[in-house]
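Below is a short report on helix packing and pocket lining. Please look at the model first.

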Amino acid sequence: MVAVLFALAGFCSGMVAPSRDMMVRAVTPPGQSGKVFGFVTTGFNIGGVLAPLLFGLVLDLGEAGHVFWMIAGLSALTLIVVFATPRTTASGAAAPVQR
C-alpha cells in the first residue's frame with residue numbers, strides 16, 4: 001500500500017511541475033527566466049524545510065487542529081499576494097485592467 005501511495009504522489013508531483021514551469025515562463029520578462037526560476041526554486045526549498053519543522057512543532061505541542069488553520073492562513077495570504085500584485089506584459093509594461 002505504501003508503494004502505491006508513493007507512486008501516486010510521484011505521479012501527481014509530475015503532473016504539477018510542468019504546468020508550474022509553463023506558468024512561470026509565461027509571466028517572466030524576456031531574459032529574466034533564470035532569476036525567476038531561481039527565486040521560485042529557492043522559495044520552494046525554504047518552504048520545504050521550514051514548514052515541516054513548524055508544523056511538527058505544533059503537532060508536538062498537541063495542537064494538531066492548529067496546523068489546518070495555519071495552512072488556511074498561509075493559503076489566504078498567498079491569494080492576497082497573487083491578487084494584489086499588478087499584472088505586467090512580457091515586456092514588463094503594466095497590462096490593461098479588464099473588467
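The report takes the helix pairs, then the pocket.

This is a predicted model, where local features need pLDDT of at least 70, side-chain atom pairs count only at pLDDT 80 or more, and totals for chains, interfaces and linings use all residues. Residues are numbered from 1 along each chain as its sequence is written, and side-chain values use heavy atoms, without hydrogens and water.

Helices are DSSP runs (H or I, at least four residues), numbered from the N terminus. Axes are lines fitted to C-alpha atoms over the stretch in contact, with angles from 0 to 180 degrees between N-to-C directions.

| Helix pair | Axes come within | Crossing angle |
|---|---|---|
| α1 and α2 | 10 Å | roughly 135 degrees |
| α2 and α3 | 7 Å | roughly 150 degrees |

Helix α1 spans residues 2–27 and helix α2 residues 33–60. The two are therefore oblique to each other; that term covers angles left over once those under 35 degrees (roughly parallel), over 145 (roughly antiparallel) and 65 to 115 (roughly perpendicular) are set aside. The crossing of α1 and α2 is right-handed, meaning that the near helix is turned clockwise from the far one by less than a right angle. From α1, Arg 20, Asp 21, Val 24 and Arg 25 meet Val 36, Phe 37, Val 40 and Phe 44 of α2. Contact means heavy atoms within 4.5 Å. This contact has 5 nonpolar, no polar and 3 charged residues. Ala, Val, Leu, Ile, Met, Phe, Trp, Tyr, Cys and Pro count as nonpolar, Asp, Glu, Lys and Arg as charged, and the others, Gly among them, as polar.

α2 and α3 also make a right-handed crossing. Leu 54, Phe 55, Val 58 and Leu 59 of α2 touch α3 residues including His 66, Met 70 and Leu 74.

The largest pocket holds about 1200 Å³ of space. A pocket is an open set of points on a 1 Å grid where a 1.4 Å probe fits, with protein on both sides within 12 Å along at least five of seven lines; lining residues have an atom within 4 Å of a point. The volume is the space filled by probe spheres set on the points, which are joined across faces, edges and corners. α2 gives the most to the lining, with 10 residues. The lining comprises 17 nonpolar, 6 polar and 2 charged residues.
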